[in-house]
Amino acid sequence: MQTITILGATGSIGLSTLDVIKRHPEKFDLYAITGNTNVSGMVKLCQQYQPQIAVMADEQSAQTLQHELKSLGSNVNVLAGTDGLLQVCSDPKVTTVMAAIVGAAGLQPTLTAAKHSKRILLANKEALVMSGELFLSAVAENNAILLPVDSEHNAIFQAMPSSVQKGGELKKAGVEKILLTGSGGPFLTKSLSEFANITPEMAVAHPNWSMGAKISVDSATMMNKGLEFIEAKLLFNASFEQIDVVIHPQSIIHSMVSYSDGSVLAQMGQPDMRIPIAHTLSFPDRIASGVKPLDFTQLADFSFCAPDLSRFPNLDLALQASKLGQGATTVLNASNEIAVSHFLNREIPFNKIAALNEYCLEQLGTVSPTTLDDILNLDQQAREVATGFIAKL
């Protein structure tokens, strides 16, 4: 029996995790859920799933949730803020943490889970993009278990030999290349002359996946694939040259691994996050996810192409940052969060997201943080530089 904390329970990953868990009550016990400031969403989840603890981002949201739950006769205990998040990641009763908080806010609780030797199901990119080796060192030093939930990294993990799954070297295992696939998002064939007129509604309308607004915009700019490239380097101890990004618009092959004998292993499935979630929850075993298997007689032809970096400059920036190192990836992640937030609020046009990210990378990309405080300070500095850039537009 695994006892589980879900960070970001009201988001798409959190809801999918709850769906998988409810199918296997004999295997999983829900201990805590967190939901930022989404009180109404948390009320519904607390009523349906009855966790022991719910955590909100601030005292006001926590008080409101506690009041509403009491009026409904619920005994769920409500905590608030960073202290609450860290408590439900470090509690000795917890065995497993689903890390699905979007953005930099997920770094500290995920790092805490590592330091307390938890089984971490990593759906939060920022833990690796922002803190890289620091986070991986915490996992190794505390014998935590790290399993990737992102569909691409989970696919790569599944296609790797067991020696690499346990931290072994790619070359020694006969691995030549990691082939990181991406759909290209909703604007793969859109005329570049129309990019300035792209609206938030257009950007979040992903053709294959149902995701939150921020991640959907990142997919539209292919920053999402750039962040995944950075993650893949760290997760699989790969060099820049050992990873290729491949556009696969159908989103059926989630990624591939190419071997020295000419074999290529691909992980395939419906574009449904319950598949990688079920895999990481049950690894090394398999459990039902609730997703129907592929019917190959109904599939259209697969297509592949290389990414056009002039169409997707954010992907190019992420590749550059991955070469520069930890400071650059921290800066790029922070500036992109600011850029996407302002785009979603209709304060900057779509085609200025990359311009903002490039400016911040030029200003701060050579800084080399060595501690968590350094990383958090650089993250804040990058946000301030990004905000200043927007004020001048």
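**Ground rules.** I am working with a predicted model, in which local features need pLDDT of at least 70 and side-chain atom pairs count only at pLDDT 80 or more, while totals for chains, interfaces and linings use all residues. I number residues from 1 along each chain as its sequence is written, and side-chain values use heavy atoms, with hydrogens and water left out. Helices (H or I, at least four residues) and strands (E, at least two) are DSSP runs, numbered from the N terminus.

**α4 and α5.** I noted that α4 (residues 81–90) packs with α5 (residues 107–115) at an angle of about 25°, the axes being 8 Å apart; axes are lines fitted to C-alpha atoms, for helices over the stretch in contact, and angles run from 0 to 180 degrees between N-to-C directions. The angle makes α4 roughly parallel to α5, since angles under 35 degrees count as roughly parallel, over 145 as roughly antiparallel, 65 to 115 as roughly perpendicular and the rest as oblique. On the α4 side I found Leu 85, Leu 86, Cys 89 and Ser 90, and on the α5 side Gln 108, Pro 109, Thr 112 and Ala 113, taking contact as heavy atoms within 4.5 Å. By class this contact holds five nonpolar, three polar and no charged residues, where Ala, Val, Leu, Ile, Met, Phe, Trp, Tyr, Cys and Pro count as nonpolar, Asp, Glu, Lys and Arg as charged, and the others, Gly among them, as polar.

**α11 and α13.** I then turned to α11 (residues 223–235) and α13 (residues 313–324), which pack at an angle of about 20° with their axes 7 Å apart. That angle makes α11 roughly parallel to α13, and α11 passes α13 in a right-handed crossing. Helix α11 contributes Met 223, Lys 225, Gly 226, Leu 227, Phe 229, Ile 230 and Lys 233, and α13 contributes Asn 314, Leu 315, Ala 318, Leu 319 and Ser 322. I sorted the residues of this contact into seven nonpolar, three polar and two charged.

**α6 and α16.** For α6 (residues 126–141) and α16, I read a packing angle of about 175° and axes 10 Å apart, which makes α6 roughly antiparallel to α16. Met 130, Ser 131 and Leu 134 of α6 meet Leu 372, Ile 375, Leu 376 and Asp 379 of α16, a contact with five nonpolar, one polar and one charged residues.

I checked how far α1 (residues 12–22) is covered, and eight of its eleven residues are buried, where buried means under 20% relative accessible area, exposed over 50% and partly exposed in between (1.4 Å probe, protein chains only). Their cover includes β1 (2–7), β2 (28–34), α2 (39–49), β5 (96–99) and α12 (274–282).

In the largest nonpolar core, of 57 residues, Ile 6, Ile 33, Leu 65, Met 98, Met 160 and Phe 236 touch the most other members; such a core is a set of buried Ala, Val, Leu, Ile, Met, Phe, Trp, Tyr and Cys residues joined through side-chain atoms within 4.5 Å. Its largest share, five residues, comes from α2. Apart from it lies another core of 41 residues, including Val 88, Ala 113, Ala 127 and Leu 136.

**Backbone entries.** I kept in mind that most residues other than glycine have a negative phi, and most peptide bonds are trans. Asn 36, in the loop between β2 and α2, has a positive phi of about 55° and counts as exposed at 52% relative accessibility. Ser 251, in the loop between β9 (243–247) and β10 (253–259), also has a positive phi, near 55°, but counts as buried at 6%. I also logged a cis peptide bond between Phe 283 and Pro 284, with omega about 10°; Pro 284 is in the loop between α12 and α13.

Definitions and conventions. A crossing is left-handed if the near helix is turned anticlockwise from the far one by less than a right angle, and right-handed if clockwise.
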